[in-house]
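Colleague: I would like to go through the terms used for this protein and see what each one rests on. Please set the values against the cut-offs.

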Amino acid sequence: MTLPVESLTGVLADLSQSHVAADLAAATIAAVALARTATGRHRLLLSGSLTPALTHAVTAAFPAGAQDIEVLAPDPLAIEDLFGRLDEDLAALVVQTPDPFGACRGFETLAVLCREFEVPLVVVVADPRLLGRDGLPQADLVVVGSDSPRFALVWSRPGFPGAASMAPEAVAAGFKTGGLQASAAQVGDDTARLVARLRRMPGVRVVTRDPFATVAIHLGDARRAEECLPSLPGLVATPLSRLYPGWPELEPVLALTLTAPLDETILARLRFA
């Protein structure tokens, strides 16, 4: 993933009051630590929308015995029940968008319920370009990270205990500026074209709801995604069984991630052997 460096430089300057970290995992751990300190509680709820690597990093940072951590199963259809798991003993609920299946999740209702239970909501934005389309999520703590260029930061809502913050309008305005917004529009258009092509392919079922940059597809129960990998420029194919070993139901599921503008010739050559 390549982001417009000029836009990000300006955004990072505007977000100088936020907590800057080395990578997405470190920033997420910092956000969880802020939530624990603010609430005085220890128990965490980690959504199935988190990548396995991020889940592992958080659970390793807060070892068993120090707190209770509930980790939910992978959620390719984005149907997990988070509402029913909220209670006043939680230190934080941690969710991610887009998730490993490429789905963009909305958290408006969840944010309202978290406020009712006084549970800090931590939203991890794994692709900063999404902020150019949707703006800042409604959450107590927002973690934003990128691999290219490599950066991560934590933004907290104004008034969140123990954390520096900026007004949501100022943060949103920074992320909606020129390059990032245009990049988000390009990704959205390319993702829609990819989905349209996939829906026309026999035996292929699109799994992801509201995809952004990544689309998960089911190739049929009799096929293994590991054996059906296309090799095309600007399109990375990842069998979900690599991310989730031990989940045989995900063996036919393949994630396709756009890493460059999508050319029509790439769509025409797309095949699953």
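This is a predicted model: local features need pLDDT of at least 70, side-chain atom pairs count only at pLDDT 80 or more; totals for chains, interfaces and linings use all residues.

**Terms and values**

Modeller: H2 is followed by Gly40, whose phi is positive, near 70 degrees. Residues are numbered from 1 along each chain as its sequence is written, and side-chain values use heavy atoms, with hydrogens and water left out.

Colleague: What is the mean pLDDT of the protein?

Modeller: The mean is 86, and 83% of the residues reach 70 or more; pLDDT is the predictor's confidence in each residue, from 0 to 100. Confidence is lowest in helix H1 (residues 5-14), with a mean of 51, and highest in strand S9 (residues 214-218), at 97.

Colleague: What caps the N-terminal end of H2?

Modeller: Asp23 does, with a side-chain oxygen 3.3 Å from the backbone nitrogen of Ala25. A polar contact is a pair of N or O atoms within 3.5 Å; within protein, one must be able to donate a hydrogen and the other to accept it, and residues adjacent in sequence count only if both atoms are side-chain atoms.

Colleague: Why is the pair of Phe101 and Tyr244 called stacked?

Modeller: Rings of Phe, Tyr and Trp (its six-membered ring) pair if their centres lie within 6.5 Å, and planes under 30 degrees apart count as stacked, over 60 as edge-to-face and the rest as tilted. Here the centres are 5.9 Å apart and the planes are at 10 degrees, so the pair is stacked. Phe101 and Tyr244 are 143 residues apart in the chain.

Colleague: Why is Glu80 called buried?

Modeller: Buried means under 20% relative accessible area, exposed over 50%, and partly exposed in between (1.4 Å probe, protein chains only). Glu80 has 18%, so Glu80 is buried. Tyr244 at 7% also counts as buried, and Phe101 has 0%. The side chain of Glu80 makes polar contacts with the side chains of Ser47, at 2.3 Å, and Arg105, at 3.3 Å.

Key:
Helices (H or I, at least four residues) and strands (E, at least two) are DSSP runs, numbered from the N terminus.
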